[in-house]
Amino acid sequence: MTEGLKMTPAHPGWREFRYLLAEACHFEFGDPDQPEAMTWECDCTTDRATTVLAEHFTDCDIKGSVSYWERRGGQCSCEVLFNVRGDDE
Ligand SMILES: [Zn+2]
């Protein structure tokens, strides 16, 4: 293996990563009866996601992780939460 470890659904820290990323994006679920009321912040970059990686998952290859997310539809931090899933791992 010459490539670094990537933050993917196969990574043992994936669940924790998603939790920390949701916090970093300030997800608010609002009224459970109105799921469309959910709000969050996103700056249309993966900066929040890469910051979580840099702070909490120092063994991860950030560039490799970002390119993995982008291939899975995660063009920004909130899309990583919405679109990157482990179903086809
Ligand atoms: Zn976003």
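I began with confidence: the protein has a mean pLDDT of 91, and 93% of its residues reach 70 or more. pLDDT is the predictor's confidence in each residue, from 0 to 100. This is a predicted model, so I noted the rules: local features need pLDDT of at least 70, side-chain atom pairs count only at pLDDT 80 or more, and totals for chains, interfaces and linings use all residues. Residues are numbered from 1 along each chain as its sequence is written.

By element, I found the lowest mean pLDDT in α4 (96) and the highest in α2 (98). Elements are DSSP runs numbered from the N terminus: helices are H or I, at least four residues, and strands are E, at least two.

Next I looked at α3, residues 62-71, where S65, V66 and W69 are buried. These three cover an arc of only 100° around the axis, so they sit on the same side of α3. The arc is taken from the directions from the helix axis to the C-beta atoms. On the other side I found K63, S67 and R71 exposed. Buried means 20 or more other C-beta atoms within 10 Å of the residue's own, exposed 12 or fewer, partly exposed in between, with C-beta atoms placed from the backbone.

What do the buried residues of α3 pack against? I found α2 (47-56) and α4 (77-83).

Then I checked V66. V66 counts as buried because 20 other C-beta atoms lie within 10 Å. Leaving out residues up to four places away in sequence, V66 touches T46 and T50; contact means C-beta atoms, placed from the backbone, within 7 Å. T8 is 58 residues from V66 along the chain, yet their C-alpha atoms are separated by 9.8 Å.

Last, I looked just after α3: G73 takes a positive phi of about 90°.

Notes. Two residues are in contact if their C-beta atoms, placed from the backbone, lie within 7 Å.
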